[in-house]
Amino acid sequence: MARNRTTKKLAQRIDLNYFKRPTPLKRAKFWLSLLLPLLAIVWISWYAAHKDARVYSSGRMSEPHAILEKECAACHVQKASAFSAKPDNQACLECHDGPIHHASQITTPDCATCHTEHRGRINIAAVSEKSCAECHDDLQTAGRPTRYSPHIRNFGGGHPEFAALRDNHRDPSTIKLNHAIHLKPIRRGPTGPIVHLDCADCHRPAAAKTSWTYADANYLPINGTASPDSRSINAHETSSLVPRTPSTGRELMAPVTFANSCASCHLLTFDKRFNEGVPHDKPEVIHAFLKKKFQDYAAAHPTELRTPRDPDRDLTGKPLAPRIQSFTAADWVAAKTADAEQLLWRKTCLQCHQLSFGANHSLPVVQQNIAQNSNALPQIADSHVITRWMPHAKFDHEAHGGFTCVSCHEKALSSSDSSDLLLPGIKTCQTCHAPGPDHAESRCFECHTYHDWSQRKEITPKFNFPPLKTGGR
Amino acid sequence: MRIDASQRHWAIASAVILLLSAIAYHVYVYNSALGARGGSPAGLAFGILGFAFMLFAALLGARKRVPVWRIGRAQAWMRGHLWLGLLSLPIILFHGGFHFGGTLTRVLMWLLIITVVSGLFGATLQHYIPRVMTADVPFETVYDEIGNVRNLLLEEADRSMEALCGSLGFRKSSQEEIQRAGGFTAMRPMAAATGGAAVAAAAEILLLTEEESAPLRRFYLNEMRPFLQRPSERRLLLSDAGKAQVGFGGLRTLLPARAHPTVDDLQDICEEARQLQKQQRLHHWLHLWLLVHIPISLALIVLGAVHAVMALKY
């Protein structure tokens with residue numbers, strides 16, 4: 001007989017109170033549900049019992065603050081009878097001064113508004129461009145209207161062209177230099193028939209120690225270099241809002257000097273009797289140098305005071321000079337000095353410098369004004385060489401050393417006037433410095449700084465180094 | 001619970017919440033100078049929303065423990081648990097700006113991930129396994145009673161064998177009194193002494209000779225009884241339906257025709273035992289994930305509350 005499996009018979013197998021009996025699965029569920037939350041409470045209580053608040057940290061500290069990783073109370077100062085222990089500006093100012101940005105700013109954000117902690121081992125000074133745009137996107141200032149662009153969101157959005165390139169500004173330098181000619185092959189030079197000048201033959205940072213190709217040792221000072229030191233360059237025309245990073249002397253190009261870059265081609269010869277040139281110095285120095293040279297020469301060569309007339313110098317319409325001219329030594333020196341100065345002031349110096357003469361004088365007059373007073377000497381205009389074109393920003397040539405100069409300063413190849421501004425425009429910078437993973441850093445801090453370090457105040461140290469890691473001060 | 005068209009409203013609502021949250025998150029990140037921060041107003045809003053979803057999901061356990069609460073249908077609670085619990089993960093990721101943060105927050109994030117992933121795993125199993133169970137286990141019974149039903153099957157098989165082969169010295173069922181289902185008449189205390197109404201009626205007594213029953217006895221004692229006692233042992237012949245078919249087929253050729261109905265019953269008992277074994281296996285798949293999901297989610301709620309309080313402090 002086949003088995004008879006009716007619903008009733010199947011149901012009769014079931015204990016009506018089966019659900020009251022704990023099964024292994026139910027028991028495991030119950031105990032685990034009790035055990036794990038209990039473990040969680042024990043774990044967090046263990047930290048609380050040891051007064052270790054690190055467990056509540058929202059992330060690792062930045063690199064400079066890594067030493068404070070275990071010392072929450074250094075920033076999270078617990079005020080008496082207050083539950084909250086959120087960090088405030090005072091905690092930051094214990095160690096750092098944070099001078100304001102501008103006197104005309106209408107709000108001063110808290111430190112943590114821009115410098116975000118607990119985001120891992122990041123550079124905490126590398127603030128978001130949005131932090132700057134909080135104000136600069138719609139710039140409001142106290143007092144007089146701002147002269148800065150009022151709507152800057154980031155480097156690619158609203159940032160104006162560099163100030164030096166706006167409004168058809170020209171290079172105020174008085175040195176006359178044709179970059180285009182100097183960058184083409186030059187027919188004659190000290191090292192051979194054809195000279196190909198490179199930018200670095202004239203333009204180098206102050207800290208560069210390599211020898212100059214076209215230097216003339218006669219013009220170099222005793223220490224062997226004619227470049228100003230980097231500190232003087234960086235101090236020149238800088239703004240207070242320049243980052244306080246220590247200078248390497250390689251950020252900016254040093255002014256070009258005659259001794260290092262020009263002297264071997266542009267000789268300052270003044271008379272065929274002498275192989276050397278005049279010093280590259282003020283007219284007074286040159287005048288004294290010339291006078292001394294000719295006096296010494298006259299003393300050594302007295303026969304030169306009697307000079308036969310040069311047949312080639314007979315000019316029609318002018319009275320002929322005597323066949324043999326005799327000078328006193330003083331007259332001869334004065335005449336030769338005047339001749340040399342004619343050459344220098346008219347041609348040699350004038351080729352690069354702007355010369356101006358007094359109201360009553362044009363150029364030295366030969367055989368007149370024998371007294372040779374210095375009032376006859378020209379004034380050489382100050383060169384006005386600018387080394388820092390962006391006083392509100394920093395730029396490091398060394399960081400860009402992998403690129404050829406003309407890839408940014410391309411106008412140098414065609415510039416024929418020294419008043420041409422050869423500074424690359426913002427578009428050139430934006431080629432590389434743009435948002436996105438394929439571009440170089442473009443946030444504001446890359447070039448600018450917020451704090452006006454000229455306004456900084458000295459802070460009083462409060463931490464002792466060894467006990468800091470264990471909570472001491 | 002099956003993930004089918006009946007969940008469409010919940011799915012659409014969840015997708016809309018996720019989309020709106022994602023848009024809000026991107027607007028907030030785009031306009032925030034410091035990027036996404038849990039402590040910013042928007043970050044806090046995401047945190048509160050995510051934790052509220054977690055709390056709602058956790059309340060399902062309380063709702064199940066107190067079924068007399070008339071706060072919404074159990075099905076609605078289950079669907080809310082499923083969809084809002086799932087949403088809590090992206091919302092909490094928005095809260096932290098996809099950063100896991102420090103020690104406690106990292107622990108919380110991993111607990112949340114484990115909870116949500118185990119929940120998804122469980123939901124998937126709950127979607128498929130009941131159908132497999134219906135198709136493959138027609139003899140399905142109450143899981144908690146599987147052990148008891150197995151004992152009854154063993155007893156039934158013993159009695160069938162003794163009806164055919166004479167006494168084999170098997171122990172009778174226990175005398176414990178239990179309340180059994182099966183209608184009003186079954187509510188009375190039952191005992192094996194009553195004739196074992198819970199066990200199918202014994203086959204008609206057709207005693208075989210010693211010689212005739214020898215193959216059956218050997219088969220029963222060596223193969224079938226060990227299988228009924230220990231069905232989880234896979235090396236046994238009757239654990240496999242195909243091999244069992246062959247084994248019982250061979251047995252029939254060795255036995256006289258009058259023993260065949262009993263052999264059919266024994267084969268049927270083995271089939272039921274196999275199905276109960278399969279039911280047990282499927283039931284474990286259906287519920288073992290809860291051993292991870294529930295304790296971890298409770299720890300998550302506890303630590304989440306601690307995080308919320310301490311975040312206000314720091």
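Student: Before we start, what should I know about the model and the numbering?
Tutor: The model is predicted; local features need pLDDT of at least 70, side-chain atom pairs count only at pLDDT 80 or more, and totals for chains, interfaces and linings use all residues. Residues are numbered from 1 along each chain as its sequence is written, while chains are lettered from A and ligands numbered from 1 in the order in which they are written.

Student: OK. How many helices and strands does chain B have?
Tutor: Chain B has 9 helices and 0 strands. Helices (H or I, at least four residues) and strands (E, at least two) are DSSP runs, numbered from the N terminus.

Student: And chain A, how many there?
Tutor: Chain A has 13 helices and 4 strands.

Student: What about contacts inside chain B, how many join residues at least 24 apart?
Tutor: Of the chain B contacts between residues at least 6 apart in sequence, 75% do. Two residues are in contact if their C-beta atoms, placed from the backbone, lie within 7 Å.

Student: Now the core. Which residues have the most contacts inside the largest one?
Tutor: They are B:Leu108, B:Leu111, B:Leu112, B:Ala299, B:Leu300 and B:Leu303, in a nonpolar core of 33 residues. Such a core is a set of buried Ala, Val, Leu, Ile, Met, Phe, Trp, Tyr and Cys residues joined through C-beta atoms within 7 Å.

Student: Which elements give two or more residues to this core?
Tutor: From chain A, α2 (24-49) does; from chain B, α1 (8-31), α2 (41-65), α3 (74-96), α4 and α9 do. α3(B) gives the most, 9 residues.

Student: Pick B:Leu111. What does it touch?
Tutor: Leaving out residues up to four places away in sequence, B:Leu111 touches B:Ile296, B:Ala299, B:Leu300 and B:Leu303. Apart from this core lies another, of 26 residues, including B:Ile146 and B:Val263.

Student: Switching to α8(B). How far does it reach?
Tutor: α8(B) has 28 residues and reaches 40 Å from first C-alpha to last. That is close to the expected 40 Å at 1.5 Å a residue; the expected span is 1.5 Å times one less than the number of residues.

Student: What covers the buried residues of α8(B)?
Tutor: The cover includes α4, α5, α6 and α7 of chain B. Among the buried residues of α8(B) are B:Thr262, B:Asp265 and B:Leu282.

Student: Why does B:Leu282 count as buried?
Tutor: Because B:Leu282 has 20 C-beta neighbours inside 10 Å. B:Leu282 touches B:Ile129, B:Val132 and B:Met133, not counting residues up to four places away in sequence.

Student: Next, α6(B) and α7(B). How do their axes cross?
Tutor: The axes of α6 (residues 210-229) and α7 (residues 241-254) of chain B come within 9 Å and cross at roughly 155°. So α6(B) is roughly antiparallel to α7(B). Axes are lines fitted to C-alpha atoms, for helices over the stretch in contact, and angles run from 0 to 180 degrees between N-to-C directions. Under 35 degrees is roughly parallel, over 145 roughly antiparallel, 65 to 115 roughly perpendicular and the rest oblique.

Student: Last one. Where is B:Phe98?
Tutor: B:Phe98 is in the loop between α3 and α4 of chain B. Its phi is near 65°, a positive value in a residue other than glycine.

Methods. Buried ≥ 20, exposed ≤ 12 C-beta atoms within 10 Å, placed from the backbone.
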